[in-house]
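Please look through the sequence and the structure shown here. The paragraphs that follow take the model part by part.

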Amino acid sequence: MQLEYFQMVDRITDLDVGKRTITVESQVPETSTVFEGHFPGYPLMPGVLLTEAMAQTSGWLLIALLKFERMPFLASVKEAKMRDFVRPGELLTIDASLVHDGSGYAVTDARVRVDGKLKCNATLTFRHTPFPHPDLRVHMEAVAKRIGFPEQVIAHG
């Protein structure tokens, strides 16, 4: 996880296009400037960054389902619940599943767990559109390869 660059997904551990699910892992860094202010002496992962991690996980699922032909953008966050603290150094397991897709929008349910314990969850809505620029698609394909996106899914795009 590279907080300063908003790269919240380290690796894809499972992607099932047929079941419309994805699971990823992300290692919260031990140190980050984010923790200097959130909170001094008691560093915690901000809820907004946990929400971003769920959104990026969901986004990778949608990119797979859309075969790299369209780019999802977060449109709304519903029912976000922060259930417990996430501390520096913890390994996050984040999963998402597609609930609805139609009319250029998609809805996912996403969860963050640490050692099997639910830390937060949310229902997320995305707008998906053609990639706004060809360079963005090239960049996303490169990131996809780095995080372990199945090659056959990228090749179908």
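How many aromatic pairs does a search of the whole structure find? The search finds 3 aromatic pairs, where rings of Phe, Tyr and Trp (its six-membered ring) pair if their centres lie within 6.5 Å, and planes under 30 degrees apart count as stacked, over 60 as edge-to-face and the rest as tilted. In one of them, the ring centres of Trp60 and Phe149 are 5.6 Å apart and the planes stand at 55 degrees, so this pair is tilted. Trp60 belongs to helix 2 and Phe149 to the loop between helix 3 and helix 4 (151-155), so the pair ties together parts 89 residues apart in sequence. In another, Phe68 and Phe149 have ring centres 5.3 Å apart and planes at 80 degrees, so the pair is edge-to-face. Phe68 lies in the loop between helix 2 and strand 3, so its pair with Phe149 ties together parts that are 81 residues apart in sequence.

The model is a predicted one, in which local features need pLDDT of at least 70 and side-chain atom pairs count only at pLDDT 80 or more, while totals for chains, interfaces and linings use all residues. Residues are numbered from 1 along each chain as its sequence is written, and side-chain values use heavy atoms, with hydrogens and water left out.

Phe68 has a relative accessibility of 0% and counts as buried. Phe149 is buried at 4%, and Trp60 is buried at 6%. Leaving out residues up to four places away in sequence, Trp60 touches Val9, Ile22, Phe68, Met140, Val143, Ala144, Ile147 and Phe149, contact meaning heavy atoms within 4.5 Å.

Next comes the sheet. Helices (H or I, at least four residues) and strands (E, at least two) are DSSP runs, numbered from the N terminus, and two strands pair if DSSP finds at least two bridges between them. The sheet is open, with 6 strands in the order 1-2-4-5-6-3 and antiparallel pairing. Strand 1 (11-16) and strand 3 (70-82) are the edge strands, each pairing on one side only. Strand 3 is joined to strand 6 by 10 bridges, and Ser76 has Thr125 in strand 6 as its bridge partner. Strand 5 (residues 105-114) and strand 6 (residues 117-130) also pair over 10 bridges. In their hairpin, which has 2 residues between the strands, Asp115 takes a positive phi near 50 degrees.

Helix 2 (residues 47-65) lies across strands 1 to 6, at about 55 degrees to strand 4 (91-102); axes are lines fitted to C-alpha atoms, for helices over the stretch in contact, and angles run from 0 to 180 degrees between N-to-C directions. Ser58 is found in helix 2 and is buried at 0%. Beyond its neighbours within four places in sequence, Ser58 is in contact with Ala96, Thr108, Ala110, Leu124 and Phe126.

Helix 3 (residues 134-146) has Met140, Glu141, Val143 and Ala144 as its buried residues. These cover an arc of only 165 degrees around the axis, which puts them on the same side of helix 3; the arc is that of the directions from the helix axis to the C-beta atoms. Pro134, Asp135 and Val138 are exposed on the other side. Gly148, with a positive phi near 90 degrees, follows helix 3.

How values were computed
Buried means under 20% relative accessible area, exposed over 50%, partly exposed in between (1.4 Å probe, protein chains only).
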